[in-house]
Amino acid sequence: MTEAIASEHTSRNSLLMIAAGGVLSGVVTPLLPQLIDRIGGGPGDLRIALAAIPFAVLVFIVVRRASANPWWAALIAAVVTMVAFVCAVNAAIFIDGQANGADKMMRNILAGLAGGFTGSAVMALGIALLPAGPRDAVAWLQLLVTGTLAGALMALDNALDLDLTSVLYPVWQASVAGRLAMALRRSSI
């Protein structure tokens, strides 16, 4: 019994540390484009992917520690995360363009939901295919729902006219990283 309580306490502490890492990476993420813009050249999608490096590092750590995957699989998960970030940004831009004529707040909510869904779906699919990735659809569905709903915070960022700070990134990255850790742990139990 004591072992189960200690395990639950350790698990809760590690989830809090992962969430803190998500908040930290989410604070750094909107600051990176300012630095990346000073670097000349490079296609737009590569520049967007570079902004995802802090969250990709967190995903690398989570996959490495919370699963039985080898180091190279954690590296692939980090690359998948960067691809997911690019896909999410492009999906949000596309939906924003398709909703042209709608109220700005509605466009931002729809674009945020689309970006959150796309980013979390690409991550879930890519990481589920890793050698020790869980094949449990419920775990990935929880990540997908969390990422989609947190994506709606894009409207709050735009309503508050946030540029170098964000509500979306810290909340999205903390919640998705936590759900990822829970999905990976679920497969190892």
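Is Q34 buried, exposed or partly exposed? Q34 is partly exposed, because its relative accessible area is 41% and the partly exposed class lies between buried (under 20% relative accessible area) and exposed (over 50%), computed with a 1.4 Å probe on protein chains only. This is a predicted model, in which local features need pLDDT of at least 70 and side-chain atom pairs count only at pLDDT 80 or more, while totals for chains, interfaces and linings use all residues. Residues are numbered from 1 along each chain as its sequence is written, and side-chain values use heavy atoms, with hydrogens and water left out.

**Confidence**

- The chain has an average pLDDT (the predictor's confidence in each residue, from 0 to 100) of 87, and 92% of the residues score at least 70.
- Confidence is lowest in helix 1 (residues 2-28), with a mean of 75, and highest in helix 5 (residues 71-98), with 95; helices here are DSSP runs (H or I, at least four residues), numbered from the N terminus.
- The pLDDT is below 50 over residues 1-10, and this stretch has zero contacts in the model beyond near neighbours in sequence; a contact means heavy atoms within 4.5 Å.
- Where pLDDT is low, the predicted coordinates should not be read in detail.

**Helix 4 with helix 5**

- Two packed helices are described by the angle between their axes and the distance between the axes.
- Helix 4 (residues 53-66) packs on helix 5 at an angle of about 150°, and their axes are 8 Å apart; axes are lines fitted to C-alpha atoms, for helices over the stretch in contact, and angles run from 0 to 180 degrees between N-to-C directions.
- Helix 4 and helix 5 cross in a right-handed way, where right-handed means that the near helix is turned clockwise from the far one by less than a right angle, and left-handed means anticlockwise.
- On the helix 4 side the contact uses I53, F55, A56, V59, F60, V63 and R64, which meet W71, A74, L75, A77, A78, T81 and M82 of helix 5.
- This contact of helix 4 with helix 5 holds 12 nonpolar residues, one polar and one charged; Ala, Val, Leu, Ile, Met, Phe, Trp, Tyr, Cys and Pro count as nonpolar, Asp, Glu, Lys and Arg as charged, and the others, Gly among them, as polar.

**Helix 5 with helix 6**

- Between helix 5 and helix 6 the packing angle is about 155°, with the axes 7 Å apart.
- Helix 5 and helix 6 are therefore roughly antiparallel to each other; angles over 145 degrees count as roughly antiparallel, under 35 as roughly parallel, 65 to 115 as roughly perpendicular and the rest as oblique.
- The crossing of helix 5 and helix 6 is right-handed.
- Residues of helix 5 in this contact include A77, V80, T81 and V83, and those of helix 6 include R107, N108, L110 and A111.
- By class, the contact of helix 5 with helix 6 comprises 15 nonpolar, six polar and two charged residues.

**Helix 6 with helix 7**

- Helix 6 (residues 104-128) and helix 7 (residues 137-151) pack at about 155°, and their axes lie 6 Å apart.
- Helix 6 and helix 7 are therefore roughly antiparallel, and their crossing is right-handed.
- Among the residues that make the contact are G112, L113, G116 and F117 of helix 6 and W140, L143, L144 and G147 of helix 7.
- The contact of helix 6 with helix 7 has 10 nonpolar, six polar and no charged residues.

- I18 is in helix 1 and counts as buried at 12% relative accessibility.
- Leaving out residues up to four places away in sequence, I18 touches L58, V62, A177, G178 and A181.
- I18 and V62 are 44 residues apart in sequence, and their C-alpha atoms are 7.5 Å apart.
- T146 lies in helix 7, is buried at 18% relative accessibility, and touches S175 and R179, not counting residues up to four places away in sequence.

- G40 sits in the loop between helix 2 (32-36) and helix 3 (44-51), and G40 is exposed, at a relative accessible area of 67%.
- S166 is in the loop between helix 8 (154-159) and helix 9 (168-188), and S166 is buried, at a relative accessible area of 15%.
- S166 touches P30 and D157, not counting residues up to four places away in sequence.

Methods:
Helices (H or I, at least four residues) and strands (E, at least two) are DSSP runs, numbered from the N terminus.
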